[in-house]
Structure formats: C-alpha cells, structure tokens
Amino acid sequence: LTRFSVGLAHTAGAYLRPCSALPCSAATSMIPPPSAARSASSVTAHGLRRTLATISAVAIGDWPSAVDNSLLRELVPDESGKPPQLSREVRGAHYVSVRPSVPAPAPRLVAYSSEVASSLGLSAETCESDEFLQFFAGKVPEAVPCWATSYGASFAGRYGGQRGDGRAISVGQVNGLEVQLKGAGTTPFSRRFDGRAVLRSSVREFLASEAMHHLGVPTTRALAVVASGDTVQRAWYDSQGRERVGLEPGAVGARVAPSFLRFGQFELFYQRDEPALLRALAVHALGRDFAHLRLQEPEAPLSRLLVLLFREVCERQARLVAEWLRVGYCQGNMNSDNSALCGVTLDYGPFGFLERFDPMHCPWVGGGAEYSFGRQPQAAAINLSILSEAWADLLRAVATEEGLTRAEADEAVQQTREGVSSVFVDAFHATHDEHNRRKLGLVSWDDDAAELWTSLFGLMATRSGPQGIDFTVFFRSLGDLTNDLPDGGDGLAAARAAATAAAAAAAGGGA
C-alpha cells in the first residue's frame with residue numbers, strides 16, 4: 001500500500017504542474033489540483049459546486065429523514081415477491097429492495113475521507129462514532145430504504161445480458177449524492193457469487209478514487225472502508241505469480257456519486273423491449289444528472305431535451321477518457337456497465353496506472369487489445385454507439401407521442417448519432433490536444449505541435465531501453481529539462497532535443 005500511495009503521489013506531481021513552472025521539490029504543493037478550493041466546497045462531477053455552508057448536518061440516527069431518494073420515487077420496484085437475495089433475472093423493474101447481509105462480527109474503521117463526509121453533512125465526530133461504524137459495516141437500520149439496480153452489459157459491442165449490482169447496495173441519496181455500500185452482501189444480481197469485498201481491493205479503490213479526484217479526473221468518491229472482522233475466500237497470486245485460493249480479511253467500502261446510472265441500464269430495457277422502463281429511466285436521468293438542460297430550454301419538448309442529454313453524455317465521456325490518458329490511467333474493463341451516464345470514472349476493478357509506457361497495456365487478463373490504454377477512446381465510442389441505439393428507439397416513441405413528422409423524428413435520431421461521430425470525436429481531440437500542449441509547455445497547438453506529439457509518441461514507444469520509458473517520470477524529466485532550453489531559435493527543435501534527453505532519463509539512460 002505504501003508503494004502504491006507513493007506512486008500515486010508521484011503521478012499527481014508529474015501532471016499537475018505546468019512544464020518548467022516549478023522545481024521538482026514543489027510537486028506535492030500541487031495537490032489538490034487547479035480547483036484548489038475543494039476543501040471548502042462539495043464538488044460533484046464536472047465542476048458543479050455546493051458550498052458546505054448550504055449542506056445540512058446529518059447524524060446517522062437522522063439518516064432516514066435526511067435522504068431524498070428520487071430513484072425510489074420515480075422508478076419501478078420489483079414486486080415479484082421473490083426472495084431479495086435469490087440470484088435471478090429481474091424483469092419489469094428498475095431496482096430491487098434488498099438489505100445488506102454482510103456478516104461483520106468485529107467491524108473496524110480502516111479509513112474515511114473527511115472531505116467526502118463533509119459533502120454529506122457528516123462531521124468528524126459522527127464518522128468516528130460507533131453508529132457510523134455499524135452503519136457502514138452493513139448493519140443498516142430497518143427504517144433506511146436500501147436497493148440494488150439491474151442493468152445489462154455489452155462487451156466491446158457484443159451484448160451480454162443482465163448484470164446488475166451484484167455486491168453494491170445503495171443506502172440513500174443525501175445532499176445530491178448517492179451512497180453505496182460495496183461488498184454489502186448478495187442481491188438478485190450476484191449471479192451466485194458471495195456479494196462480498198476484501199480489504200485489499202477496498203483499500204485499493206479508496207486510494208485510487210481519491211487520487212483520481214485530486215488529479216482533476218471526474219470520479220466516484222470514497223467515503224470509508226470498514227473491515228468486517230471476518231474472512232472471505234478469494235483466488236489471488238503467490239510470490240511466484242501462481243494463482244492460489246485463500247482467505248482474506250473482508251471489508252465494506254462506502255462510495256458516493258451524483259448517480260450510479262450506467263449505460264447498461266438503458267441497454268437492458270432496450271434489449272428486453274421494455275419501452276416504458278426505458279422512458280422512465282431517461283426522464284429520471286434528465287431530472288437528476290442533467291437538470292440544467294430544462295433550465296436552459298424550459299419550453300423544449302422531451303424529444304429535444306433527450307437529444308441534448310445524449311450529446312452531453314458524449315461530450316462528458318470524451319473529456320473523461322482524455323483525462324485518463326493525461327494521467328496514464330487504464331480502466332481495464334470498459335464494458336458498457338462500467339460507463340456512468342454522468343461521466344465519472346466508475347468501478348475500480350482491474351484498473352492500473354501506466355509505469356512502462358506501452359499503448360497496448362491492459363491490466364485485466366481478459367481485456368486484450370480492445371480495452372488497452374491506447375484504445376480507450378475507441379472503446380468509449382463503441383459503448384456510446386450501442387447506447388445510441390437505445391436512445392434512437394426511445395426518441396422515435398417520444399416523437400410519435402409529440403406528434404412530430406417522420407422527418408422531424410429522423411432528424412432527432414440523426415442528431416443523437418452525431419453525438420458519437422461528431423460531438424464525442426471533437427470534444428476528445430480538443431481536450432486531449434490541450435493536455436498535450438500543456439505537457440509539452442507549448443503556447444499554442446497547431447499542425448507543427450501535432451507533428452511533434454506524434455514523433456514523441458513514437459520515440460516513447462520505440463526507443464525505450466531494456467526496461468521501457470516510465471510514463472510519469474518521462475514528463476517529469478521533460479519538465480525539468482525545459483528549464484535549461486535556450487531562448488529564441490527553433491523552439492520545436494529544442495523541444496525535440498529535450499524530449500530525447502527526457503526519454504533517456506526516464507529509461508534509466510537506455511534510450
């Protein structure tokens with residue numbers, strides 16, 4: 001854990017300072033990044049802020065009255081009467097009421113984020129109380145509604161059926177944030193797995209999601225990790241890299257997000273031909289994650305708002321993936337059920353940060369080239385393309401209700417599909433180019449700069465020495481070297497020379 005934390009700190013320092021702006025020793029002063037006032041405000045995805053002064057204090061005992069569960073009010077529950085922990089296909093519903101069932105014989109608070117707690121109205125005193133410990137160990141009072149949602153999943157464009165919250169149980173929407181317990185026990189979507197989490201992966205997600213936030217990347221946030229006091233059977237690797245089955249300490253991780261709505265939820269209802277559920281989910285998303293669209297166009301019909309919503313989803317995804325490339329993050333498992341509609345990094349499973357630069361690196365053994373670091377933009381575009389099919393079906397139904405002509409309905413569908421082919425592509429390149437400009441310390445981005453970046457990419461990939469170029473150390477070295485560049489002359493030539501020298505430094509002299 002120490003090694004992992006130090007690595008994240010180095011990554012933060014490398015990417016949050018402008019090239020040649022600060023000495024190496026000043027790296028940690030750049031954490032948190034550009035939005036430095038985060039300690040004084042609650043920040044949701046994409047810069048939406050609420051000052052802590054407007055957030056009501058919440059005690060665990062007051063939790064039932066503090067929640068505002070719009071999801072439960074607006075969406076359809078499962079009313080089959082079947083046992084809530086029974087693994088099964090859930091049809092005709094958005095969610096299932098299910099309570100945490102994790103045994104926690106001796107819970108222990110491992111860590112909590114005071115910043116995230118503050119955004120929920122939870123004080124330090126509350127977070128260190130026994131009430132907090134028991135609640136986030138999964139012993140949630142009966143008065144607190146809990147639920148798990150169903151969703152589908154596409155794997156590189158191939159639909160794979162129902163998935164759902166197999167070990168994540170939501171315990172409320174508080175101050176505009178949904179709170180989930182991960183590893184809280186089985187649900188109908190557990191697919192006969194145990195619904196549990198281990199301490200190793202829970203701490204890993206806590207560290208990574210908080211690091212990503214302070215790197216300026218939209219992400220779910222970690223509230224707390226509670227060790228359950230029992231053990232969970234898991235397969236893991238020994239010191240020789242061989243897979244072994246053993247017992248690990250169990251844990252429950254608490255995480256928050258503006259919402260946990262996923263692409264896969266819309267796919268599921270589209271694939272099952274459940275248009276009423278698809279429409280209700282879209283309207284819920286519009287009011288929850290995209291309410292500003294109604295404010296911007298208060299007279300707009302639903303069809304118009306749905307087009308705007310989808311195009312904004314495309315833009316958010318484009319900017320998110322560009323941020324991943326900026327910091328060397330590889331999600332590893334870019335199925336559509338791991339894509340959040342609100343545009344945050346979701347589900348820290350087989351993720352990784354690049355060490356040796358390798359565009360085809362994928363930290364998941366089942367990921368392959370399709371989910372590799374360098375192909376994340378393409379993977380995101382595929383997920384959006386699949387989502388656009390569900391959206392097109394929804395739009396045609398809404399257009400009929402509104403009395404639009406066939407031509408008007410076709411135009412709405414076309415604007416939706418252009419969200420992938422135009423909005424996503426343009427937003428990704430604009431954001432990625434700007435990140436590259438900043439990394440290289442250039443005043444502007446033009447064709448010469450793009451050519452420089454392309455040649456630098458090739459240099460990093462091919463002249464890497466026996467151990468390869470360290471992705472983070474390279475840009476740190478480049479930032480240090482630009483302090484010594486001569487004034488005047490051919491700036492791009494000097495930058496190429498600096499890049500070559502930085503590559504040598506990052507590869508341990510082997511470039």
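How many residues of the lining of the second largest cavity are nonpolar, polar and charged? The lining divides into 4 nonpolar, 4 polar and 3 charged residues, where Ala, Val, Leu, Ile, Met, Phe, Trp, Tyr, Cys and Pro count as nonpolar, Asp, Glu, Lys and Arg as charged, and the others, Gly among them, as polar.

The model is predicted, so local features need pLDDT of at least 70 and side-chain atom pairs pLDDT 80 or more, while totals for chains, interfaces and linings use all residues. Residues are numbered from 1 along each chain as its sequence is written, and side-chain values use heavy atoms, with hydrogens and water left out.

A cavity is a set of points, on a 1 Å grid over the protein atoms alone, where a 1.4 Å probe fits but cannot get out; lining residues have an atom within 4 Å of a point. Points are joined across faces, edges and corners, and a volume is the space filled by probe spheres set on them. By this rule there are 2 cavities of 30 Å³ or more.

The second largest cavity has a volume of about 40 Å³. Its lining includes L71, W147, D165, E178 and R262. Two or more lining residues come from each of the strands β5 (147-149) and β9 (177-182), strands being DSSP runs of E of at least two residues and helices runs of H or I of at least four, numbered from the N terminus.

The largest cavity has a volume of about 90 Å³. Of its 15 lining residues, Q317, W324, M334, N338 and S339 lie nearest its centre. Helix α11 (302-327) gives the largest share, 4 residues, and α12 (376-401) supplies at least two. This lining holds 8 nonpolar, 7 polar and no charged residues.

Note on methods. 1 Å grid on protein atoms, 1.4 Å probe; cavity = no way out; pocket = protein on both sides within 12 Å on 5 of 7 lines; lining within 4 Å.
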